[in-house]
Amino acid sequence: MVNDPYLYGQIAATNALSDVWAMGGEVISALNIVTFPEKEDYEKLHLILKGGAEKVHEAGGVLAGGHSIHDTTAKYGLSVTGIVHPDKILMNNSCKEGDLLILTKPLGVSIINTAFMIKECSEKAFEKCIKQMTTLNKYAADIMKKYKVNSCTDITGFGLLGHLVEMLDNKFSAKLYSEKIPILEEAKQCAENFVITGGGQKNRNYLEEKIEFEIKDFALEEILFDPQTSGGLLISLAEKEAEKMLKELNKLEIKSSIIGKVIKREEKDVIVK
């Protein structure tokens with residue numbers, strides 16, 4: 001994803017830590033999980049671990065050790081332990097009819113990363129993408145805890161549409177408002193130029209029968225199917241609470257948006273208007 005080993009460590013750790021906050025918890029500790037080529041420069045491994053350790057510390061957790069093995073390619077992640085009161089655990093499939101949907105980070109991460117590798121987007125766009133991927137969901141989650149949230153998940157490999165379909169759990173449908181969906185700078189332009197991802201195509205193949213696009217916009221479709229690394233939180237909560245939460249979330253550097261609404265079950269899981 002990135003050539004810089006330090007940034008790679010930061011991004012991987014930020015992504016791994018997110019699950020705890022998506023469930024309403026707090027990070028307590030983490031273990032490094034590492035594979036690394038025996039003949040590779042070990043300074044790169046040092047930088048990967050340094051980047052990850054800094055994010056665990058920022059999250060308020062303790063890095064308690066880890067496991068490493070030799071492999072042909074470098075791989076890095078975390079096994080994270082968190083804590084949450086049993087009555088306050090947030091589920092990823094417990095939204096309610098009438099809920100509004102808040103997304104806390106823009107979409108288009110994989111498209112921008114792919115575009116940068118083939119020199120189809122600017123350094124500025126890539127830097128914004130890196131900033132997003134290294135921003136902990138802790139800060140949005142700290143605000144979220146002040147409100148009565150019905151359901152929450154973080155947007156990762158299945159893209160916005162995949163994780164939203166999971167949240168609806170065959171009980172409800174959702175309307176998404178295309179003009180409200182936040183998108184990373186240059187991602188839509190890249191998709192219009194057919195800079196797309198294999199992961200996005202897998203998501204499309206799996207989900208397209210569940211989605212109704214009322215507007216014809218190929219680039220937007222690709223962004224909605226795009227896998228996200230260290231994506232934002234998708235929060236489902238009652239309308240009367242959503243505007244208050246949004247106002248507070250938008251004091252953060254990365255802005256959030258109300259992107260849609262949970263509705264009575266229809267033929268399709270998600271209708272994009």
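This is a predicted model: local features need pLDDT of at least 70, side-chain atom pairs count only at pLDDT 80 or more; totals for chains, interfaces and linings use all residues.

Author: Let's start with helix α6: nine of its ten residues are buried, so the rest of the structure largely encloses this helix. "Buried" here means under 20% relative accessible area, "exposed" means over 50%, and "partly exposed" is whatever falls in between, using a 1.4 Å probe and protein chains only. The buried residues of α6 are G159, L160, L161, G162, H163, L164, V165, M167 and L168. Just after the helix, D169 takes a positive phi of about 55 degrees. Helices (H or I, at least four residues) and strands (E, at least two) are DSSP runs, numbered from the N terminus.

Residues are numbered from 1 along each chain as its sequence is written, and side-chain values use heavy atoms, with hydrogens and water left out.

Contact means heavy atoms within 4.5 Å.

A191 is buried, with a relative accessible area of 0%. Residues up to four places away in sequence aside, A191 touches I111, F218, A219 and E222. The C-alpha atoms of A191 and F218 sit 7.8 Å apart, although 27 residues separate the two along the chain.

Now for the strands. Strand β9 (residues 257-264) is mostly covered, with six of its eight residues buried. Strand β4 (residues 100-103) pairs with β9 in the antiparallel sense over four bridges, and I102 stands opposite I258 in β9. Strand β6 (residues 172-176) also pairs with β9 in the antiparallel sense, over five bridges. There, K175 has K261 of β9 as its bridge partner. Two strands count as paired if DSSP finds at least two bridges between them.

In an unreviewed entry, UniProt places the feature "domain: PurM-like C-terminal" at residues 96-273. UniProt positions are given in the numbering used here, with feature names shortened, and annotations may be inferred rather than shown by experiment. Over residues 96-273 the chain is 40% helix and 19% strand, with its end C-alpha atoms 20 Å apart.

There's an open sheet to see as well: three strands in the order β2-β1-β3, with mixed pairing. Its edge strands, β2 (62-70) and β3 (75-83), each pair on one side only. Strand β1 (residues 26-36) pairs with β2 in the parallel sense over seven bridges, and F36 stands opposite H70 in β2. Helix α2 (residues 42-58) lies across β1, β2 and β3, running at about 170 degrees to β1. Helix α1 (residues 5-22) lies across β1 and β3, at about 30 degrees to β3. Axes are lines fitted to C-alpha atoms, for helices over the stretch in contact, and angles run from 0 to 180 degrees between N-to-C directions.

Last, the rings. The whole structure has four aromatic pairs. One of them is tilted, because the rings of F36 and Y42 have their centres 5.5 Å apart and their planes at 50 degrees. F36 is buried at 4% relative accessibility, while Y42 is partly exposed at 41%. F116 and F126 form a stacked pair, 3.9 Å centre to centre with 0 degrees between the planes. Rings of Phe, Tyr and Trp (its six-membered ring) pair if their centres lie within 6.5 Å; planes under 30 degrees apart are stacked, over 60 edge-to-face, and the rest tilted.
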